[in-house]
Protein chains: 2
Amino acid sequence: MPEAAYDRLVHVLGQITDLDRTLGLIEWDQQTMMPPRGAEARAEQFATLAGLIHERNTSPEIGQMLDELRPFEESHPRESVEASLVRVTRREYEKLRRVPVELQTELSRASGLAFPAWVAAKKASDFALFAPHLERMLELKREYVACFDEFECAYDALLDDFEPGMKTSEVAAVFARLRDALTPLVARIRERQDRVDGSAFVGDFPAERQRALLLEFLPSLGYDADSMRLDVAPHPFASGLGITDVRLTTRFDERNLSSAFYGTIHEQGHGLYEAGFSSDLDRTPLARAASLALHESQSRLWENIVGRSRPFWTFATPLLRKHFPEQFSDVSEEALFRAANQMKPSLIRVEADEATYSLHIILRFELEQDLINGNLAVNDLLQAWNAKMRDYLGVEVPNDAQGVLQDIHWADGYLGYFPTYALGSVISAQIWERVKADLPNVEDSFAKGEFVELREWLREHLHRHGRKFTAKETVELVAGQSLDPEPFIAYITGKIDELYGR
Amino acid sequence: MPEAAYDRLVHVLGQITDLDRTLGLIEWDQQTMMPPRGAEARAEQFATLAGLIHERNTSPEIGQMLDELRPFEESHPRESVEASLVRVTRREYEKLRRVPVELQTELSRASGLAFPAWVAAKKASDFALFAPHLERMLELKREYVACFDEFECAYDALLDDFEPGMKTSEVAAVFARLRDALTPLVARIRERQDRVDGSAFVGDFPAERQRALLLEFLPSLGYDADSMRLDVAPHPFASGLGITDVRLTTRFDERNLSSAFYGTIHEQGHGLYEAGFSSDLDRTPLARAASLALHESQSRLWENIVGRSRPFWTFATPLLRKHFPEQFSDVSEEALFRAANQMKPSLIRVEADEATYSLHIILRFELEQDLINGNLAVNDLLQAWNAKMRDYLGVEVPNDAQGVLQDIHWADGYLGYFPTYALGSVISAQIWERVKADLPNVEDSFAKGEFVELREWLREHLHRHGRKFTAKETVELVAGQSLDPEPFIAYITGKIDELYGR
């Protein structure tokens, strides 16, 4: 009775989804609401729930159902919910089962120890304090890689956790082309800093008034107060606790409006993906984004391609003037558009603009591969980092805190994660070309504050599919082609030509 | 190796505690933060997690450990953490194991159906719409009672879920004495309504300014922003997600200050209990209040005995004048004290004052017993309710919504719960007599805004013990005597004599 086995699988996966969403709530609460002294009890709750989810995801019961469901899967079309659910579950089950519990535990333990060491090392700006932890993390990640034999290279196994089905070789080719195209563009920007003035967003912006501004225009972009919230978190994120329970977070800088303004548009882009899964995927592991890069393509499409466009500023300028008249009544739409597109090579990834951002990522992608492959010793990482910062961005790294120690990811055990950010930019530009081909006048509607056409296009072509297909397949589905850096290069070159001159 | 079995028990119970606290977070979020359309996904998460907790609490593994640990338990002093943990776990395990999963499921299902029926019935003010659901709930509760053979009467089995070890006969004796003492007092109040004016708290009180007032004085009462939060919920409650993560909620009535003012002091009383468990009970099932009545004794002690006292108003009057000068600069301390103690027989339990409140409860306690014992048919409940309201409180019930349908408890499947509220008042007065004997000048310090002596007394004599002992034992421990209505009767009679005359 394959139908009975399928129903059982749906039931078991529904419960796991409930626990996953509960874990999401625990994390959201920890970042937004929890009183500081709640941290210790929360860590226990987190460990227990995460352990339980892992136990259920790897239970022999699921393995048996998956075996039993092979003919069922084959009898359904590949794109059906039924076949997709079995296929995706099998893929993840097999991957999880390969990793011994002891190694998983050791990885958690190592990142538990690495985190405070990273905090201390960053504070002291001394990479040597963090180096042994990175060394240990790399050892464990090599053990992790060794659990698999189906990947072409070590990095493939790491990347696959975030970009199912994506190959390092494919990403490397895209990034090499991107690096070679961006490096001279960034050099040009560096030499022409005086051409764009970003100071319009600097001033005095009380958080409560920033929030009022955001809540006035976010609904045009798709924010729905009945199924979303916006709160403050130190490291902003978006989290889907259900298709109709999406939590956005932001961070207010009272001296600079652009931080929360663009940060929130970015998270709202993530949020729309989480809110856009087809309801027949609800409460299954298919009600998730296809990959982190695809997730990031959505946040970056809204933040950069939409939010930093001229038509957007036709819409947004009167709103800024309404909420902050003393600041913006004398600032032109053109000045705001230019300020929103100021570019400048800088030290810190999370503060980087559209043009330089990808170079920060490519640097990390190259170094991570060298580290995992043993071509670069941890002791030589600092020097390699600083050299690449000079080569790609033309900046000198003054200290470790603003250099190799700036990101939390390695301490958290996230290797293979960084490329997803730049892939997001690449894919967002590919998608945007398709959108413009399908909806030639879409930008005109932005000027009127109308974004529904774009939202519906994205839901129809991307969001509703959730995780039914691999990252690679989903890119092809939504962009009509495989990963391609050319649309992004054309987009960013056009912007730089316009703002900084040819 | 009994020590190894004990360690395993602690480990398993630690994980269950983590899941329990996670469930607490889910509920807290639902009441305070969740966007409305999150309800459906949340219900699934709740059901999955609650089912999992029940499964773990009743696992044969725990049964085996408990068997194995009998000699271990006997070799430790009764009041030790070790013996208490085994004893309390065994008590709850044996109770839970007696109830078939099918009955538990059916009870959940019945309350799931009863809740919307109750909402509709209350809206239509028509008890007949709810009656069949109450009938079904009673049937299931009788089945529940029949799972046990160690109780003297049916109601004992229900009461025991909320007041471990407490007997109906004992409560009935206390309530009969209370009813006979209160009924003439309430009649006296009813005839002398003009003697106390409660209008000082009526006016225009913006929620944000009420919140500022609360957050100024709550720290004196023990509120610690590093381990507590205060949020808004439609039905205020306090929830301990950890000893150092306690969530208080309140509700602001912008036309009446006393609602949030006393409501928050009440919840903070609950919160101090949750924050006061000894750290060696943390992450065990002993880090819970001994019973609901003991929990309520804390909220009522702070709300009523402390918060409505003259010395408290010496402290609070300048605070009210500071935050709402236009309202209170001409209102005397005496007027505020009197307004805070206005009493009036009324229809709605949750709006009742200290004197009349217990009569609302006694009415429900008597009716619940008659219902479960089959001495009162559901069809006759409406009439019985209205007759008792007339007898005890002297009020005529104008409609079902303001009468028998006012409370959610029966729809939620909570039978045997109501008495805990009035027992809380009774116990709070017993505790207060002990406090005054130990700390003769404690009230003088209230006038100065100092409550630390009282807090520490409560922690030392009650809070730190958590759930180590039964409700009955804990009352004896903290009050030095068994349940006794006389201190409450003396306290409330004194207040009525003073405010309404002898």
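Are F217(A) and F261(A) buried or exposed? Both F217(A) and F261(A) are buried (under 20% relative accessible area with a 1.4 Å probe, protein chains only; exposed is over 50% and partly exposed in between). The model is predicted, with local features requiring pLDDT of at least 70 and side-chain atom pairs counted only at pLDDT 80 or more, while totals for chains, interfaces and linings use all residues. Residues are numbered from 1 along each chain as its sequence is written, chains are lettered from A in the order in which they are written, and side-chain values use heavy atoms, without hydrogens and water.

Over all chains, 64 aromatic pairs were found (ring centres of Phe, Tyr and Trp, the latter by its six-membered ring, within 6.5 Å; stacked under 30 degrees between planes, edge-to-face over 60, the rest tilted). The F217(A) and F261(A) rings are tilted, because their planes stand at 40°, with centres 5.2 Å apart. This pair links helix 10 (residues 207-221) and helix 11 (residues 257-275) of chain A, its members being 44 residues apart (helices are DSSP runs of H or I, at least four residues, numbered from the N terminus). Both phenylalanines belong to one aromatic cluster, which also includes Y262(A), W302(A) and W432(A).

In chain B, W432(B) and F446(B) are stacked, at 6.0 Å centre to centre and 25° between the planes. W432(B) lies in helix 18 (residues 419-438) and F446(B) in helix 19 (residues 442-447), so the pair ties together parts 14 residues apart in sequence. W432(B) is buried at 5% relative accessibility, and F446(B) is buried at 0%.

Definitions and conventions: Helices (H or I, at least four residues) and strands (E, at least two) are DSSP runs, numbered from the N terminus.
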